[in-house]
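Student: Could we go through this structure together? I would like to begin with the charged contacts and then move on to other topics.

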Amino acid sequence: MTTTNNTTPDAPVRVQVGTGPETIRVVKNALRNGLLPDTYVSAGDLVHMETVSGGLSGGVDEDSPLPVAASRLTSAGLAGLLAEHAYVYRLRTRKNAAGDPEVVEEEVTPPRDILSSVLAGKTWPKVAALRGIIGAPVLRRDGTLLQRPGYDAATGLYLASKVALQPVPDRPTPEQVRKAREFLLGRFLRDFPWSTAADRANYVALLATPILRHFTRSLTPFALIDATMPASGKSILTAGPGMLYGQRMMPWADNEDELRKSITAVLAEQVGVVIWDNVPEGTVIDSANLALLVTAGVWSDRQLGASRNVAAVNDRLWMATGNNLQVGGDMASRTVRVHLDPNMPRPDQRDQSGFGIPHLDQWITVPANQLTVLWHLLVLVLDWTNNGAPRASGVSMRQFTPWANALGGFLAHHGIDGFLTNVAAVSGIDEDETRWRGFLTCWHDRHGSHPMTAAELRRDGEPQGFGAEQVDAWDGQFITTHNGRLPNPLALGRLLTGQVGRWRGDHVLRSAKSERGDRNVFWVERHDG
């Protein structure tokens, strides 16, 4: 059976099928040879790019999906695409009006089981590989800008621009660079109530991160945008990258299992930015799943509603907003903070007549305005790369040091000071660090370096007396579980074991076996140097 080319430009490809095995071979071979437009292979599966209807966003705190999606081909989907883009037929014999046999063409849809067999394999030679979908131009690894919409063979990325961007010159002029700095810093970001220069610098770095991710080939830290007061502009800041690269808003989940499921689900969507918006005031962001996510290039988990595991490339910018948020555990060293402090009772009632861009929350939702922000940002990026993409020296951030060096160099090139200089402030909102530091300090003040079992320590932490006469010798500094209760001796022993050797300020917890060797004892040492 055969596949023939079109005889005219608008005529569909003719695909002749026959028996079940013949149909499988013919259709599979036709797919490998480009029968269907905008069809690629991703993780061994054929996917088809299609426009998503009804996905427009109406506000800065709403989902803003990309205009296209890569749908995994199923038998039903393949049947529909064959009907749209090909003339699939078989030959059959029938009697004509004179009673003589004649061969005629009959258009057919191959049976579902046949199409399922076509799609069952994972090997698709000659089919282009799709690495991801992006909503705005990105810098390729060679320093060139991917800015033409559609599939890019050099990167395997598909650019589905949310805004129709005018071409950005490969080498912006000094005047274009000057105007780009003036617009971004002097208008777009001018009137936010930044707490420090670090907060503005950190935000510009986050805004440029999706553009530079493939160029720097680095992990990206978690972004925390918080404020002292509501209506300070947090959602507008997240809408900056969110509107440009596609955003998905999610409610915060305190439960680790629910948080893991939401992460897995959102990685199946084509968005560049994921935002936990309006996290409850005072929330401590301390999640083992989130800490793993931002330090993993690939996220692996069981597919929701199925028994198989899926692996997704972690190519998103993960952000959270809220008022007076805290971080805990490993998240303190994996978080970049942008803090706003309007220092006034009703920031939403500020007079905006003198603002660089009045009513920015409405302005940023207009596609033409999003284009303006993106164009000027790209000009700054290309000016940096055309000058050798200098890196910052002396900037480190654990697993994110390559990111910090690159973005620090980008900011320094454009004279934007303060990048990551609020690291101490992030540590200051590390709820986990604060709790353990207070606990170890009080422990040492009470008992010096005298070894104690977990049971002995637990008894010492119990308040004495009853009612109004009750006295807490620890003054509330004894370590508690997440629900605020004192742990039992077994749980306390486990908590202590997990902290052995970890310095908290000037104090460190030590452990050894008791003299009888039947249990662990713990004590606190203080560094007086």
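Predicted model: local features only at pLDDT ≥ 70, side-chain atom pairs only at ≥ 80, totals over all residues.

Student: Is R519 buried, partly exposed or exposed?

Tutor: R519 is partly exposed, at a relative accessible area of 41%. D518 is also partly exposed, and its relative accessible area is 41%.

Student: How many salt bridges does the structure hold?

Tutor: The structure holds 24 salt bridges. One of them is formed by the side chains of D45 and R72, at 3.2 Å from N to O. This pair links distant parts of the chain, since D45 lies in strand β4 and R72 in strand β5, 27 residues apart.

Student: And D45, buried or exposed?

Tutor: D45 has 12% relative accessibility, and the cut-off for buried is under 20%, so D45 counts as buried. R72, at 52% relative accessibility, counts as exposed.

Student: What about R260, which residue does it form a salt bridge with?

Tutor: R260 forms a salt bridge with D301, and their closest N and O atoms are 2.8 Å apart. Here too the pair links distant parts of the chain: R260 belongs to helix α7 and D301 to strand β17 (residues 298-302), 41 residues apart. R260 is partly exposed at 23% relative accessibility, whereas D301 is buried at 10%.

Student: Which residues are linked with R260 and D301 in a network of salt bridges?

Tutor: D257, E258 and K261 are linked with R260 and D301 in that network.

Student: Changing topic: what is the volume of the largest pocket?

Tutor: The largest pocket has a volume of about 1,100 Å³. Its lining comprises 40 residues, and the closest to the pocket centre are S42, L267, A268, Q270 and A312.

Student: Which element gives the most to that lining?

Tutor: Strand β18 gives the most, with four residues. Other elements that give two or more residues include β4 (45-51), β5 (68-72) and α7 (256-266).

Student: Which residue stands opposite W503?

Tutor: V508, in β23, stands opposite W503. Two bridges join β22 to β23 (residues 507-513).

Terms used: Residues numbered from 1 in each chain as written. Heavy atoms only, no water. Pairing = 2+ DSSP bridges. 1 Å grid on protein atoms, 1.4 Å probe; cavity = no way out; pocket = protein on both sides within 12 Å on 5 of 7 lines; lining within 4 Å. Points joined across faces, edges and corners; volume = space filled by probe spheres on them. Salt bridge = Lys/Arg side-chain N within 4 Å of Asp/Glu carboxyl O. Buried < 20%, exposed > 50% of the residue type's maximum accessible area, 1.4 Å probe, protein only.
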